[in-house]
Amino acid sequence: MTTAQPAPGIPARTAACSTPAPADAAPADAAPADSAETASSGSQPAAPVRAPRALLLDFGGVVVTTTARADWVHTLATTVLDLAAAAGHRLERADVEASLRAGRAALSMWKNAASRRRAPRELAPREIVEDFLLADLPGAARSALALDAERILAAKAVAVSDHHVRPGVRELLVVARERGIVLGIVSNAHSGLAHREILRAEGLDGFFGVQVYSDEVGIRKPHPGMIHLAADALGVPAREAWYVGDTLDRDVVAGRRAGVGRVVITRDRRTDHPPFPVAARPDLVLETPEGLLAELRAAVGPVDGASADGALINGAPGTEASQIAARPARRPLALLLDHGGVLTTSTPDPTRDEVVGRALVDLAERCGHPLTAAEAERAISTGWDRHRERKRRRDRLADPDHRHDEVDPAVLWGDLIGAELPAPLRAALRLEAAELSFLLHRSKGVPSPREGAVELVRWAHERGIVVGIVSNTISGRGVRATLADYRVLDLIGPAAYSDEIGVRKPGREIFAAALAGLDVAPVDVVYVGDKALNDGRGGRDAGIGTICLLRGGKDDDAALERALAGGLADHVLDGPGDVIDVLAARLAEPAPSTA
C-alpha cells in the first residue's frame, strides 16, 4: 500500500509551516517575489508580516469541515419526490436516486474543470438541477422541480454532509474583531443560503461583514472577482487582506490573481489532492485555523475600527414529506394562483424602515463603515421612492423585451437604496441583496391568509389538482416562508416568482415558467389573480384557459368588470372560496377524447 503524498510544494503534515514558491518556478499565479514568506537570499532576516485590515475566509475547509453522510441520496431523493408529487408528477425513487448520483458525479467533474479556467462563471441553480442532478427525469417534472432549484440545492447541502466548526475558528473570529480586522466569507457554493443558515445556527454569522457565495454572484473561484467583491464591500484593498482557503486550484490561485497580501491554507481533505498540477503556492500552510491566532498576534501594525454582531435572516422552514390524495380528477386540471391579493392580504407595518434600517446599521458596522439609524432609514425610504419611479418608467417602455423586466436585487439595494451611501457599503448591499430583500418582504407588512384561500388550496390538493403560484415579488423565498406559515407550502407545485424568473407579470415568461412545470395544457389551467392587466391580460396572453379575478384586491370592481367585458377574465368572484365552484364545474366536464 502506498501512502498518499501531499501536493507538490505543500509540506507533509507537521506543524504550521511556511511554503515559499520555488526559486526556479515563478509563474504568473505563483507567490510574488516580495511576499513576506518568500525565500530570501543569504542571512537577511525576513521582513515582518503586516497585520491585515481584512481577513477573508473560505467556508468549507476553513470555517467548517464536513463528514460525508451515507444516506444522502435517500434523503435528497425524498425531498425531490415530495416536491414532484406536489407538482403532480409521480416519479420512481430508484430513477430519482440514480439521476442524483450521476448528476452529483458529473457536477464534481464540472467543478474541477471550471477551476482550470481563468474567470469561471457559476452555474445557475436551475442549470444544476435540470442539467445535472435531475437530467434523467421526464421533461415536465424537470421543469417543475427547476422552479424549486434553490430549495433542492439547500436540501442537498445538508443532506450530503454534516458540518462541524473547525478548531480555533471561534477564538480567531473574536480576536480579529477585537483587533478591528473586518471579516468576510468567500466561498464556492451551490447554496449560499444553506451556508448562511449553518453560520447562523452556530452563532457565527454576526462576525462577518459580508458573505460572498458563488451561486449568489454568478462567478466562482479561482475567479479573482470573488475576492475583489468581498474586499470592495469591506472597503479594504485586496493587498491589505489575507485570504484563507483549503485548496490549491481554487483558493491559492484566486488569492494570487486577486493580489491579496497573504494567501494561507488550512489543511482539509482536498488540500493534498488537487485535480491537476497547480503552480501557485500559498504563503503559509496550517494544520487547522488555530494556527492563525499566533500569526495575527505576531503581525505588526494593528488597525483601528471595530465590527459588531448582527444577524439578518431566518431561514424558511424545511419541507416535510407530503402525501397526494389517491382520488384523481376526471379531467386533467391545474390551478395557478397569484400570491398577494389572492392567497394573502397584508396590513402595512409602520416599523418596516426601522427594522430594515437596523439590519443596514448592523451590516455597515460589520463592514467597518458605520451608519446611523436615521441615515439607514432615510436611505431605505428614498431608495424605495427611486424604485417606484423606476417601475413607472419601465411600464412606459415600448420595448417588449424589457418592459416587464424585474429589478435585479443587487440594483435595488446597491444602486437605488444605496445611491447616497459610501461605495464600499453599496458593494456590500449588492452582495447581501437577496438576504435584505427577504428581510424586507417579511417586515413590510403583517400577512394573513385571505378568507377561503387555505381551504381552496387544500380542496384542490385533495382532488389531485396541482396548485402553483405566479407572483410578482421582491422575494420568492419570502413568499415561500409565508406559505409555510400557513402550512400549505408542501401543497404547492410549480411556483414562478418574478425575482427568480427576472420578469414581472404581465410578461409571458413568468407564466411560461409555471406552465412548463405542469403536465396539463394551458387551456386546462385555471388562473386566479386580482389585477386586470397583470393577471387578466397576462394570463390571457399566456394561453390560459380560465381566468378568475377576485374582488377586494388591488383593482377596484369597475376595472374588474371592464376586464370581464373585454374578454380578459372569465369570472369575477368575491373571494378564493368561490373558485372551488369553478374548479368543480371544470372537473365535471368530460375528459377530452383521445380518439
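**Entry 1: Asp-535**

Buried means under 20% relative accessible area, exposed means over 50%, and partly exposed is in between, with a 1.4 Å probe and protein chains only. I found Asp-535 in helix α21, residues 532–541. Helices (H or I, at least four residues) and strands (E, at least two) are DSSP runs, numbered from the N terminus. Setting aside residues up to four places away in sequence, I noted that Asp-535 touches Asp-338, Lys-505, Tyr-527, Gly-529, Asp-530, Ile-547 and Leu-549. Contact means heavy atoms within 4.5 Å. Cys-548 is 13 residues from Asp-535 along the chain, and their C-alpha atoms are separated by 8.7 Å.

**Entry 2: Basis of the values**

I recorded that residues are numbered from 1 along each chain as its sequence is written, and that side-chain values use heavy atoms, with hydrogens and water left out. Because the model is predicted, local features need pLDDT of at least 70 and side-chain atom pairs count only at pLDDT 80 or more, whereas totals for chains, interfaces and linings use all residues.

**Entry 3: The chain as a whole**

I noted 23 helices and 17 strands in the chain. Of its 595 residues, 55% are buried. Among contacts with a separation of 6 or more, 75% are between residues 24 or more positions apart.

**Entry 4: Two cis peptide bonds**

One of the contacts of Asp-535 is Lys-505, and I found that a cis peptide bond joins Lys-505 to Pro-506, with omega about 10 degrees. Pro-506 is in the loop between α19 (498–501) and α20 (508–516). A cis bond also joins Lys-221 and Pro-222, where omega is about 20 degrees. Pro-222 belongs to the loop between α8 (214–217) and α9. I recorded these bonds because most peptide bonds are trans.

**Entry 5: Helix α9**

I then followed the chain into helix α9, residues 225–234, which is mostly covered, with seven of its ten residues buried. Those residues are Gly-225, Met-226, Ile-227, Ala-230, Ala-231, Ala-233 and Leu-234. Gly-235 follows α9 and has a positive phi, near 70 degrees.

**Entry 6: Helices α16 and α18**

How are two packed helices described? They are described by the angle between their axes and the distance between the axes. Helix α16 (residues 433–443) packs against helix α18 (residues 476–485) at about 40 degrees, with the axes 8 Å apart. Axes are lines fitted to C-alpha atoms, for helices over the stretch in contact, and angles run from 0 to 180 degrees between N-to-C directions. The angle makes α16 oblique to α18. Angles under 35 degrees count as roughly parallel, over 145 as roughly antiparallel, 65 to 115 as roughly perpendicular and the rest as oblique.

From α16, I listed Ala-434, Glu-435, Phe-438, His-441 and Arg-442 in the contact, and from α18, Arg-477, Gly-478, Val-479, Ala-481, Thr-482 and Asp-485. These residues divide into four nonpolar, three polar and four charged. Ala, Val, Leu, Ile, Met, Phe, Trp, Tyr, Cys and Pro count as nonpolar, Asp, Glu, Lys and Arg as charged, and the others, Gly among them, as polar.

**Entry 7: Arg-487**

I looked next at the loop between α18 and β14 (492–497), which holds Arg-487. Phi of Arg-487 is near 65 degrees, a positive value in a residue other than glycine. I recorded this value because most residues other than glycine have a negative phi. Arg-487 counts as exposed, at 68% relative accessibility.

**Entry 8: Helices α3 and α5**

I compared the axes of helix α3 (residues 125–133) and helix α5 (residues 149–160), which are 8 Å apart at an angle of about 75 degrees. This makes α3 roughly perpendicular to α5. Pro-125, Arg-126, Ile-128, Val-129 and Leu-133 of α3 meet Ala-149, Glu-150, Ile-152, Leu-153 and Lys-156 of α5. The residues of this contact divide into seven nonpolar, no polar and three charged.

**Entry 9: Two further buried residues**

I found Ala-176 in helix α6, residues 169–178. Ala-176 is buried, with a relative accessible area of 0%. Leaving aside neighbours within four places in sequence, Ala-176 is in contact with Ile-181 and Leu-183. Glu-97, in helix α2 (residues 93–114), is also buried, at 13%. With the neighbours within four places in sequence again left aside, Glu-97 is in contact with Val-73, His-74 and Ala-77.
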